[in-house]
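User: I am new to this entry and would like to learn how to read a few of its features. Could you take me through them step by step?

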Amino acid sequence: MPIMTGTVSCIRVFDDAGFTQLVDSAGDEEIFILWFAPPEISAFERIMHSTWVSLLREAMVNGLPVSVVHPDGNARITSLQLGTLQ
Amino acid sequence: MGSAVSPELAARVHGDRVLAGFLSPLPRLAEREEADLGQTFERFGQLASRSRLTARVVFQVRAADGTDPRPWSLELTPGACQVSAGAAHRPDLTVLVGEATWRQLAASTVSPLEAFATGELRVRGNVRLASQLVELVRGE
């Protein structure tokens, strides 16, 4: 699955939708979907989404790069990473 | 495709200066949903040519059979838009879209936000330009 790495320029959270906008090293922006009108949502997913927002906020405040994984041709994030495993 | 955007969410997105531009469908770009893709981009370019924008936009249209995406390029200059099949060097904006989703957009049956919500539409580059382009094509 494709990975985009960039800095966070925006986090937008509604109760039934969440978006983030990243800017890569070439200056290209892309809006990604954190969640969007899920018909059903589990407690686990709520916690995961909350954790994503926390990581994005941390990255945005400190100017740190994040990596998002998403399906090919699809803007929905499946996982999000701040920092790298050493 | 059913509407992925509830009225409540649409009302909230309406206040977002970038996302609000994607709420309404494009005008019909072809008489039939199965029209030649080139015709839809020609029409899109024709409508976009009413602007004073200078921009290079590439649409990467992905077929359902998984073959390589087909690129279409729009070269916007004030009062004109040149449309060609093929990629462009260093586009200001790249739109990645599935063919079925593009046909629905061109038939005015889904809005760009609905297409984006399904995940079948990605916009890379100057996101504000995407919003401006959509508004232009709608004649706003």
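**Reading backbone and fold**

Analyst: With 15 C-beta neighbours inside 10 Å, B:Ser108 counts as partly exposed, and please keep in mind that the model is predicted. This residue sits in the loop between helix H3 (99–106) and helix H4 (112–117) of chain B.

User: What is the phi of B:Ser108 near?

Analyst: As a general idea, most residues other than glycine have a negative phi. In this structure, phi of B:Ser108 is near 65 degrees, which is a positive value in a residue other than glycine. A:Ala37 belongs to the loop between strand S3 (29–36) and helix H1 (43–62) of chain A, and it counts as partly exposed because it has 16 C-beta neighbours inside 10 Å.

User: How many helices and strands does chain B have, and in what order do its elements run?

Analyst: Chain B has five helices and five strands, and from the N terminus on its elements run α-α-β-β-β-β-α-α-β-α.

User: Why does the radius of gyration of chain B agree with that of a compact globule?

Analyst: A compact globule with 140 residues would have a radius of gyration near 14 Å, and chain B agrees because its own value is 14 Å. The C-alpha trace of chain B spans about 40 × 35 × 30 Å along its principal axes, and buried residues make up 41% of its 140 residues. Among the contacts in chain B with a separation of 6 or more, 67% are accounted for by residues 24 or more positions apart.

Notes. Residues numbered from 1 in each chain as written. Chains lettered and ligands numbered in written order. Predicted model: local features only at pLDDT ≥ 70, side-chain atom pairs only at ≥ 80, totals over all residues. Helix = DSSP H or I, 4+ residues; strand = E, 2+ residues; numbered from the N terminus. Rg over C-alpha atoms; globule rule 2.2 N^0.38 Å. Buried ≥ 20, exposed ≤ 12 C-beta atoms within 10 Å, placed from the backbone. Contact = placed C-beta atoms within 7 Å.
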